[in-house]
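Q: I'd like to learn to read helix packing and pockets from a model. Can you walk me through a few cases?

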Amino acid sequence: WQFEIAKTSASTRLQPVIRDNYEARLTEAVGKMPGVKAITAAVAEPDGSVWTQAWRADEGPLPTRFHWASVAKAYTATAVMQMVEAGQLSLTDTLDRWAPAMPNAAWITLEDLLAHTSGLYSFQADETLRATPGYKSPEQLLAVAAAHPPLFQPGAAWSYSNTNYVLLGQIIEAVDGKPWHEALAERIAARRELEDTVFIAPQAKVEGLAPPAPAEAAPGTADEISTPYAAGAVAASSLDMVRFWRDLLADRLHGPEATRRRFYRLYPMTGVGPGHYGLGVMVSDLSAADPAATDVWLGHSGGLPGAKAVVAYSMQTRAFVAVALTGEGSPEAAANLLLAELRR
């Protein structure tokens with residue numbers, strides 16, 4: 001029944017509105033996070049009223065797009081589920097069909113990749129790779145991951161690994177016969193007219209992008225923003241992000257069976273934070289962080305040095321919220337502050 005309510009909330013016609021109370025909450029959030037350099041937010045209420053705003057610390061032009069980092073995994077998973085729905089793939093297909101050289105490839109399924117239960121080493125954890133600035137190709141990332149032993153046998157545990165989604169990007173390319181960013185642009189952005197959404201091509205420059213703003217130089221902070229590939233290379237406005245999440249829960253990107261399947265089996269996000277992981281989606285019970293909280297979010301978070309983001313559907317308020325920022329701060333805290341207006 002939660003999905004039926006979410007679908008109803010996501011099916012209303014969007015109508016832009018001005019909400020002074022949201023403006024005040026965004027200003028309050030910025031005041032509580034002095035390390036923020038730029039921020040964007042959007043809220044879509046159950047009746048379709050949608051508010052959005054952006055802010056930056058200096059007096060330059062407002063950015064039109066922000067980096068959403070690992071929120072890109074939700075898009076990659078959506079494309080894979082479209083292929084499953086069309087009979088082009090099966091969640092039980094094994095990795096050896098596309099990448100036989102990866103450890104345990106004969107036993108890792110597409111579902112394992114989507115859910116982070118493959119046991120594959122996450123290339124991002126390699127210190128040498130993190131200390132090397134500049135762009136790295138998917139082939140380089142996978143070679144680094146394959147050089148490390150698996151963390152566990154496929155399906156035996158859960159561990160967040162960007163390697164899983166780089167492999168999924170390669171599989172999408174093999175099925176569609178075109179680069180990952182082009183495939184997703186056609187399957188998602190063009191299909192839903194998300195004009196401010198860009199799946200970042202290798203070493204491409206994104207117009208109007210708020211660049212990540214790390215607090216200090218550290219290993220891994222000099223990476224090129226297109227390196228994460230299908231694991232985290234998407235730029236968009238907060239309004240487009242809310243529209244995407246509404247489309248997902250309204251079954252406009254794939255059918256209801258696929259939508260529910262993505263939330264069916266959930267794994268505790270050990271070592272990452274409170275919440276559970278499905279197939280390219282996160283379920284966050286806010287009471288895990290605050291005993292007084294009663295809300296549950298269906299969404300996805302993302303982050304890299306100097307940029308963080310979250311998109312979610314709030315079960316309590318039946319609203320959709322998206323927040324992305326550069327610099328240092330918590331997009332989840334800002335999103336919760338905005339949703340507090342609806343709880344009142």
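Q: What is the handedness of the crossing of α3 and α7?

A: Look along the line joining them: a crossing is left-handed if the near helix is turned anticlockwise from the far one by less than a right angle, and right-handed if clockwise. Here, α3 and α7 cross left-handed. Helices are DSSP runs (H or I, at least four residues), strands likewise (E, at least two), numbered from the N terminus. One caveat: this is a predicted model, where local features need pLDDT of at least 70 and side-chain atom pairs count only at pLDDT 80 or more, while totals for chains, interfaces and linings use all residues. Residue numbers start from 1 along each chain as its sequence is written, and side-chain values use heavy atoms, with hydrogens and water left out.

Q: At what angle do α3 and α7 pack?

A: Angles run from 0 to 180 degrees between N-to-C directions of axes fitted to C-alpha atoms, for helices over the stretch in contact. Helix α3 (residues 72-85) and helix α7 (residues 162-176) sit at about 40°, axes 10 Å apart. So α3 is oblique to α7 (under 35 degrees is roughly parallel, over 145 roughly antiparallel, 65 to 115 roughly perpendicular, the rest oblique).

Q: Which residues of α3 and α7 meet?

A: Contact means heavy atoms within 4.5 Å. From α3 you get K73, T76, A77, A79, V80 and M83; from α7, N162, Y165, L168, G169, I172, V175 and D176. That contact holds 8 nonpolar, 3 polar and 2 charged residues (nonpolar: Ala, Val, Leu, Ile, Met, Phe, Trp, Tyr, Cys, Pro; charged: Asp, Glu, Lys, Arg; polar: the others, Gly among them).

Q: And how does α3 pack with α8?

A: With helix α8 (residues 180-192), α3 makes an angle of about 85°, axes 10 Å apart, so α3 is roughly perpendicular to α8. Y75, T76, T78, A79, Q82 and M83 of α3 meet W180, L184, R187, I188 and R191 of α8. By class, that's 6 nonpolar, 3 polar and 2 charged.

Q: What about α2 and α11: at what angle do they pack?

A: Helix α2 (residues 20-32) packs on helix α11 (residues 331-343) at about 150°, axes 9 Å apart. The two are therefore roughly antiparallel, and α2 passes α11 in a right-handed crossing. N21, Y22, R25, L26, E28 and A29 of α2 touch A334, L337, L338, E341 and L342 of α11. These split into 7 nonpolar, 1 polar and 3 charged.

Q: Which element gives the most to the lining of the second largest pocket?

A: Strand β3, with 3 residues. By class, that lining has 4 nonpolar, 6 polar and 1 charged residues. On a 1 Å grid over the protein atoms alone, a pocket is an open set of points where a 1.4 Å probe fits, with protein on both sides within 12 Å along at least five of seven lines; lining residues have an atom within 4 Å of a point.
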